[in-house]
Amino acid sequence: MNKTYLIRRLYNFHENILKRHQVQRYKSSICTDINEFIVYDQFICKRRSQSKRSVLVQVSSENSCCDLYSYCSKFGSIINMFHYQLAGSNHFVLTEFDDQSAVSSLLDQSTFIEESNIISVRSPFLWFRSSSSKNKSKLIEEHKFNFPFQTNQTMIEPNIKNIGLGKLDSLSDQMLLLLERTQLNEIGTRLRFLTAMQIENSLKGIFPLSKVLPFGSSVNSFGKIGSDIDLVLMDCKITKHKTSRLIFHGKCMSNSRTHIQRNIEILGDLIQLFLPGCSKVKRISQARVPIVKYSQDFIGVECDLAVSNETAVNMSELLYIFGNFDYRVRPLVFAVKMWAKEINLTNDVPGRWITNFSITLLVLFFLQQEKIIPNIQKLVKHADNNDVRITNEGVNCTFVRDISKLPRTVENKKSLDQLLHGFFDYYASFDFNTNAISLNYGKAINKPEYSALYIVNPLEVHFNVSKNMSSEEMERFRIELRNAAWMIESSLVNTNAFNILDLFKGYEINKKKDTLFTIQHQIRNSNRLVTIKDLFEDNLPTTEEDKRLNKQL
Ligand code: GTP
Ligand code: MG
């Protein structure tokens, strides 16, 4: 054995121990989070407050951060600075003050670009003019270790092949590591709320009661680094100054589809024409839920803005509750969503395939079967007067908001790997033809109408969440479920170990790869010209090797 080999082995051994410790630490931290549950409204309130006390500043490089800290400290006390770099060479620093008044005075003291073709807009997005480098290095020395600075925050989803999953023996640990590395991080969450605040601030003058709230995976506890931001603009009525005798005149609003579509058009124009960082604006007013789609370039993510979709906000809260119910829920959802993404069952563009939302509901339904999370009826039963919510759209979204009020002793002690295998096994033999999935009852019910996959919408029970899915996609989904169940089972039986990356290769993908490989092989080894017609008519030449193999068989 040579020295290099020994050093490498020692290094790998050390790395594995570190990774195992990290997983252990992470496991105990999610268990603590679960026990210290924060009610959704408080979570939203805390994040909105952070975003009101924050500005996002573009800087020329990481070295400007000390300079920025020193400059911004004039306006108030800075409690956090997060630095990140986007794909190009743009550096940004999210700067949080301890008081909102600091942001107001910073914005009051900021200046506008003096070019005549640039419209002056006040927003929490700024850029920082560099000072002389001599000054800068002095400042770096001065502030080096005494400001709340976190550098090079991850903004791009890591390649799962490079996060060391294969170095962990246990499938459960791999699932925890996958969650830890891919889930929406602190900076991602903060920037999502700041993105919402940009739209909210731009409308404040005319609509002081309007709020822009993130919903969907940005807040439902199942968000990934880089996933889109779903936003909703809502008119939040408050009962302030009830006794005042002076009342603002208002304008009649209707919730009619035409009205919503016109609002979407106007919002689209506002975002496209006036808001910094917003590009690629599309008004999708013909969709079932009309939205404005745009890209926020300072943050590097896609945004979907809807108007008055209060039910979706309540849906996010419902999923948030489930995600925080037991420590196994999120790792399982992440693993299944990653599996579906890697084998192309899901797709970023909407279509006839299964969505991440449907996948999440399928995992939750499975966990209801395992008695790890309760059915929705139970959440409704435990609701008190403060939990009553009827949305503008007339949907009853009443369910218990604070799960610490629920008995949460879970008998089921299955490990994550057992649950992952259980998930595939359960659905591989599920009768999707006659059954619909109801999370409300926590059991399968008869399909009310034909649809390839029927998942009862938990809040609007007359709708099917997966109505979009075609029979072909459903068939593909079934094949992949069976394949995944078989892969885990055979591997655990034979070797007592499983590498989660194997799961992400998928049956259909392998089949396609095999076919392509065979075609490529046949073309390369043939001694005649192969045409496209041959490919379509399955008239590929047989190679000498094929002949030899055939003989052997
Ligand atoms: P990502 O893929 O990470 O963005 O997951 P997501 O949960 O954010 O999904 P998506 O952006 O497609 O949708 C945002 C939210 O809209 C979901 O979390 C649901 O609350 C809601 N939603 C999405 N699809 C449907 C649907 O088909 N029916 C209903 N009622 N709500 C949906
Ligand atoms: Mg989303």
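What follows is a short tour of a predicted model.

## Ground rules

Residues are numbered from 1 along each chain as its sequence is written, while chains are lettered from A and ligands numbered from 1 in the order in which they are written. Since this is a predicted model, local features need pLDDT of at least 70 and side-chain atom pairs count only at pLDDT 80 or more, with totals for chains, interfaces and linings using all residues; side-chain values use heavy atoms, leaving out hydrogens and water.

## The magnesium ion

Let's begin with the metal. The magnesium ion (ligand 2) has Asp228 (OD) and Asp230 (OD) as its protein donors, lying 2.2 Å from it. Donors here are N, O and S atoms within 2.8 Å of the metal (3.2 Å for Na, K and Ca), and sites may look incomplete because water is not among the atoms.

Buried means under 20% relative accessible area, exposed over 50%, and partly exposed in between (1.4 Å probe, protein chains only).

## Around ligand 1

An N or O atom in the side chain of Asp228 lies 2.7 Å from an oxygen atom of ligand 1. For a polar side-chain atom of Ser217 the distance to a ligand 1 oxygen is 2.9 Å, and for the side chain of Asp230 it is 3.0 Å. On its own, ligand 1 has 610 Å² of accessible area, of which the protein covers 75%; such areas come from the Shrake-Rupley method with a 1.4 Å probe, and for residues only the protein chains shown count as cover.

Strand β7 spans residues 229-235, and six of its seven residues are buried. Strands (E, at least two residues) and helices (H or I, at least four) are DSSP runs numbered from the N terminus. Two strands pair if DSSP finds at least two bridges between them.

β7 runs antiparallel to strand β6 (residues 210-215), joined by six bridges, with Pro214 partnering Leu231. With strand β10 (residues 301-307), β7 pairs in the parallel sense over five bridges. There, Asp230 has Asp304 as its bridge partner.

## A five-stranded sheet

Elsewhere, an open sheet with mixed pairing has the order β4-β1-β3-β2-β5. Its edge strands, β4 (125-127) and β5 (149-150), each pair on one side only.

Strand β1 (residues 54-59) has five of its six residues buried. Six bridges join β1 to β3 in the antiparallel sense, and Val59 is partnered with His91. β1 runs parallel to β4 over three bridges, where Leu56 stands opposite Phe125. Strands β2 (residues 78-85) and β3 (residues 91-97) pair antiparallel over seven bridges, and Asn80 stands opposite Glu96.

How values were computed
Polar contact = N/O pair within 3.5 Å; in protein donor to acceptor, adjacent residues only side chain to side chain.
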